[in-house]
Amino acid sequence: MEQQRDLALTQMRKSVEKLGSSAEGYSDHTLIRFLVARSMEVEKAAKMFVQWQKWRSAMVPNGFISDSEIPDELEARKIFLQGLSGDKFPIMIVQTNRHFPAKDQIQFKKFVTYMLDKTVASAFKGREVGNEKLIGIIDLQNISYKNIDARGLITGFQFLQNYYPERLAKCYILHMPWFFVSVWKLVSRFLEKATLEKIVIVTNEDERREFIREVGEEVLPELYGGKAKLVAIQDVELPPLQNGSIN
């Protein structure tokens, strides 16, 4: 198994070079994420990796998104970063009743990149390993029709699938109202099978208890049955990365 893995990694690095790019400086853990996302098919994984490099270069030319680039999205204080679960996955919470469809789609896409980058980086211990994952919690409590943003949800999940492969450990959806079911069915059509399998819609007490157990009471806010306070993502200060950016 390990020999097959090493062979796939060697072949992928060569395939990336054939596509006019380079995987030099990227860890095996990073490349494995792309291989797993493409069912260990080397050519497809290499293509995905090169597309990610091009996207990253265009979207994050400085290596990070600064708060000053996304003022409108940060003002809503709708994303929270809560620390690490028992499995050492950072917990990101989205309170959708604070969200409204973006008028500036470029800023919104930068915001999605900012929140995913910062969430992943909060799992680092000084330096990125490359296999870090996150847990997402989408809270739909008290939403109204004006908060519904199928396009925004699709963008967020597609960014995860295309540019943060194998970063999602699990995503919990809480308090889904009846009128959102049709929206979710639409969004689901844009999600890969592997992504859908990581999504849990919490609908009963047993699922709620399992959700609390998996996330952990110490980091889960009181609002959701834990013991922690909500911490807005922009209020979380992280130490600078040793290599300067997210892979």
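This is a predicted model: local features need pLDDT of at least 70, side-chain atom pairs count only at pLDDT 80 or more; totals for chains, interfaces and linings use all residues.
Q: OK, α6 and α7 then. Which residues meet?
A: From α6, Ala-150, Leu-153, Ile-154 and Phe-157. On the α7 side they meet Val-183, Trp-184, Leu-186 and Val-187.

Q: Why are α6 and α7 called oblique?
A: Angles under 35 degrees count as roughly parallel, and 65 to 115 as roughly perpendicular. The α6 and α7 axes cross at roughly 40°, so the two helices are oblique to each other.

Q: Left-handed or right-handed?
A: The crossing of α6 past α7 is right-handed.

Q: Now α5 and α6. How do their axes cross?
A: At roughly 45°, and the axes come within 10 Å. That makes α5 and α6 oblique to each other, and their crossing is right-handed.

Q: Which residues make that contact?
A: α5 contributes Gln-105, Phe-108, Lys-109, Val-112, Thr-113 and Leu-116. α6 contributes Arg-151, Gly-152, Thr-155, Gly-156, Phe-159 and Leu-160.

Q: Staying in α5, is Tyr-114 buried or exposed?
A: Tyr-114, which sits in helix α5, is buried, at 5% relative accessibility.

Q: What is Tyr-114 in contact with, leaving aside its neighbours in sequence?
A: Beyond the neighbours within four places in sequence, Tyr-114 is in contact with Ile-65, Asp-67, Ile-70, Leu-74, Ile-233 and Gln-234.

Q: How many Å separate the C-alpha atoms of Tyr-114 and Ala-46?
A: They are separated by 25 Å, and the two residues are 68 residues apart along the chain.

Q: Switching to salt bridges. How many are there?
A: The structure holds 20 salt bridges. One of them joins the side chains of Arg-56 and Asp-117, at 2.6 Å from N to O. The pair links distant parts of the chain, with Arg-56 in helix α3 (residues 42-59) and Asp-117 in helix α5 (residues 105-121), 61 residues apart.

Q: Are Arg-56 and Asp-117 buried or exposed?
A: Both Arg-56 and Asp-117 are buried.

Q: What about Glu-205, which residue is its salt-bridge partner?
A: Glu-205 forms a salt bridge with Arg-209, with the closest N and O atoms 3.9 Å apart. The two lie 4 residues apart in helix α9 (residues 205-215), so about one helical turn separates them.

Q: How accessible are Glu-205 and Arg-209?
A: Glu-205 is partly exposed at 39% relative accessibility. Arg-209 is partly exposed as well, with a relative accessible area of 48%.

Q: Which residues are linked in a network of salt bridges?
A: Glu-205, Asp-206, Arg-208 and Arg-209 are linked in such a network.

Q: And Glu-217, what does it form a salt bridge with?
A: Lys-227, the closest N and O atoms being 3.7 Å apart. Both residues are in the segment after α9, 10 residues apart.

Q: Buried, partly exposed or exposed, which are Glu-217 and Lys-227?
A: Glu-217 is partly exposed, with a relative accessible area of 37%. Lys-227 counts as exposed at 52% relative accessibility, because exposed means over 50%.

Methods. Residues are numbered from 1 along each chain as its sequence is written. Side-chain values use heavy atoms; hydrogens and water are left out. A salt bridge is a side-chain nitrogen of Lys or Arg within 4 Å of a carboxyl oxygen of Asp or Glu. Buried means under 20% relative accessible area, exposed over 50%, partly exposed in between (1.4 Å probe, protein chains only). Axes are lines fitted to C-alpha atoms, for helices over the stretch in contact, and angles run from 0 to 180 degrees between N-to-C directions. Angles under 35 degrees count as roughly parallel, over 145 as roughly antiparallel, 65 to 115 as roughly perpendicular and the rest as oblique. A crossing is left-handed if the near helix is turned anticlockwise from the far one by less than a right angle, and right-handed if clockwise. Contact means heavy atoms within 4.5 Å.
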